[in-house]
Amino acid sequence: MNADQEEEVETLYGLHRGELRRLLNARLGDSVEAEDLLQELWLRARQRPVGPVGNGRAYLFRMAQNLVVDRLRERQRRMARERRWSDQETDFAQAGMEPTDRSGTAEDQIIAREEVAALASAIANLPEGARRAFELHKIRGLSHAEVAAQLGISKSGVEKHIAVAMKYLRRALLR
Amino acid sequence: MTAQSNLDERVIDEALAWQAALERDDADWDGYMAWLEADPRHREAFDSIALTTAMVEEHKDAVGSLFDVQGVAASPRPQRRMRWALGGGLVAALVLAAGLPLLRTGQAPSVYAADTDKSRAVTLANGANILLSPASRIVVHGKDAARIELASGEVYFAVRHDPSRMLTVEAGPYRITDIGTRFSVNLSGGSFRIGVSEGAVSIASDKADGQVRLQAGQQLTGGADGHLTLAPVAASEVGSWREGRLSYSDAPLALVVADISRYSGKRVIVDPSLETRHFSGTLVIGDGSRLLPDLATVMGVAVHPQAGGALRLGGADR
């Protein structure tokens, strides 16, 4: 990144810092964590080129939203790991044995594999229309309009199917 | 996580609507922040929608290729949690498996078999390297060799882990998944054994829900009666047949004898008095002819030639 761009990011960040703090506070409900993410956002923003200043605000807001989701996902994985460990702990403690391998990456791969399985199974269980619309849009990457054309329904029909699917998956995946 | 609480439908609908609205260039960020601040449940609802979206986004390729292989999204299977009944000194780490249907495709399967006197190396379409021990046979199904069926004998697998690829090895009622590792699977004489020398695998059975996780240095043995035993095994002994040794640790005699039968080319009958016995030890394969006499010596029993060229292990001479 050249000096001009860096200056631009700094200006942009300075301009929206207050709003970004408000967004992160509202999003996290914890001012300490919000401050922490604001720092991280700043560090990351400096490492990336920025689009035209007109989109700068939305750009930074989206970045903040993504950082929050990354953190949520990390927390979710950590909980999955801890659940697995405590299961193993209990079982092995009963048998008086030590668990053999706790390698983080192997564990993460198992968790990812389980997520894929849970996701595939949840999608397969969706009502037919919602399943097809969801698969074409979210899995195959077709636009709402393309899905509408393929299924012979309206765009708002597609959106309704996707909303049904999202609600169902939310319940199935985040028990 | 946050989603456990009973958020009402209206709040979830609002969260979904905001998520869609924020994707637009002219998104109303002020309105969104005001909505979040109005009620802590709004944040909770948005978290759960954002997390679901992130999981879908992250795994869409893996799910997509899974659906490709299945042809259609499959019918549901109920999820229950049931622990495997495991014998032996170790208890396995159990994980709940989502009801994932078997992979099926319309593609014709390929059969690979090794001759009775030598092993056979095969590299599969998905890059997995396998070695079939003499007189062993596998059937490879599907695009990318997604499903490998061990018909009989013992096969050693060296598979690089790739989370986007679904690879399943089936042996009788057992299904081995989540493979990124080196392991040896044996299906002989109605018994099953898998030993892992590197990495880990998950094993499911038609006879029980859930999975057993097997790590390097562990083996799982299943007798014809379905009794399962998880035990430690020296990693160097897993697949030791590749170096001319048959190593067993508390293996059902039926499995040992079936191996010997394969290597010696002779039919071996176990006397009923020995049927429930297990064997631990190492036998040198050589030309296969010494295996049974050596086993008999170690076990302190006799070998009796039978009519028709078969050999009987144990019992009185007759």
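Helices here are DSSP runs of H or I with at least four residues, strands are E runs of at least two, and both are numbered from the N terminus. By that count, chain B has 5 helices and 20 strands.

## Ground rules

This is a predicted model, where local features need pLDDT of at least 70, side-chain atom pairs count only at pLDDT 80 or more, and totals for chains, interfaces and linings use all residues. Residues are numbered from 1 along each chain as its sequence is written, chains are lettered from A and ligands numbered from 1 in the order in which they are written, and side-chain values use heavy atoms, with hydrogens and water left out.

## The two chains

Chain A comes to 7 helices and 0 strands, so from the N terminus on its elements simply read α-α-α-α-α-α-α. Of its 175 residues, 41% are buried, where buried means under 20% relative accessible area, exposed means over 50%, and partly exposed is in between (1.4 Å probe, protein chains only). For chain B, the buried share is 53% of 318 residues.

As for contacts (heavy atoms within 4.5 Å), take pairs at least 6 apart in sequence: in chain A, 58% of them join residues at least 24 apart. In chain B, residues 24 or more positions apart account for 52% of the contacts with a separation of 6 or more.

## Two nonpolar cores

A nonpolar core is a set of buried Ala, Val, Leu, Ile, Met, Phe, Trp, Tyr and Cys residues joined through side-chain atoms within 4.5 Å. The largest one has 70 residues, and the members touching the most others are L20(A), L24(A), I123(A), F134(A), Y32(B), F46(B) and V63(B). Helix α3 of chain B (residues 40–70) gives the most to this core, 12 residues in all. Y32(B) has contacts in both chains: setting aside neighbours within four places in sequence, they are L23(A), R27(A) and Q65(A), plus W18(B), L22(B) and F46(B).

Apart from that core lies another, of 32 residues, including A128(B), F183(B), L214(B) and L230(B). In soluble globular proteins, nonpolar side chains tend to be buried together.

## A helix crossing in chain A

How do the axes of α6 (residues 144–151) and α7 (residues 155–173) of chain A cross? They come within 8 Å and cross at roughly 100°, which makes α6(A) roughly perpendicular to α7(A). The axes are lines fitted to C-alpha atoms, for helices over the stretch in contact, and angles run from 0 to 180 degrees between N-to-C directions. Under 35 degrees counts as roughly parallel, over 145 as roughly antiparallel, 65 to 115 as roughly perpendicular, and the rest as oblique.

From α6(A), the contact uses H144(A), A145(A), V147(A) and A148(A); α7(A) brings K155(A), V158(A), E159(A) and I162(A). That set divides into 5 nonpolar, 1 polar and 2 charged residues. Here Ala, Val, Leu, Ile, Met, Phe, Trp, Tyr, Cys and Pro count as nonpolar, Asp, Glu, Lys and Arg as charged, and the others, Gly among them, as polar.

## Strands and loops in chain B

V196(B) sits in strand β11 (residues 191–198) and counts as buried, at 0% relative accessibility. Its C-alpha is 5.9 Å from that of G217(B), 21 residues away in sequence. Beyond its neighbours within four places, V196(B) contacts residues that include F183(B), L214(B) and V238(B). R213(B), in strand β13 (residues 208–215), is also buried, with a relative accessible area of 4%.

P173(B) is in the loop between β8 (168–171) and β9 (174–177) and is partly exposed at 22%. Leaving out neighbours within four places in sequence, P173(B) is in contact with A204(B), S205(B), D206(B) and K207(B). The C-alpha atoms of P173(B) and A204(B) are 8.4 Å apart, across 31 residues of chain.

## Positive phi

Two non-glycine residues are worth a look in the backbone. A135(B) has a positive phi of about 60°; this residue is in the loop between β5 (129–132) and β6 (137–141), and is partly exposed at 23%. D250(B) has phi near 55°, lies in strand β16 (residues 245–252), and is partly exposed at 35%.
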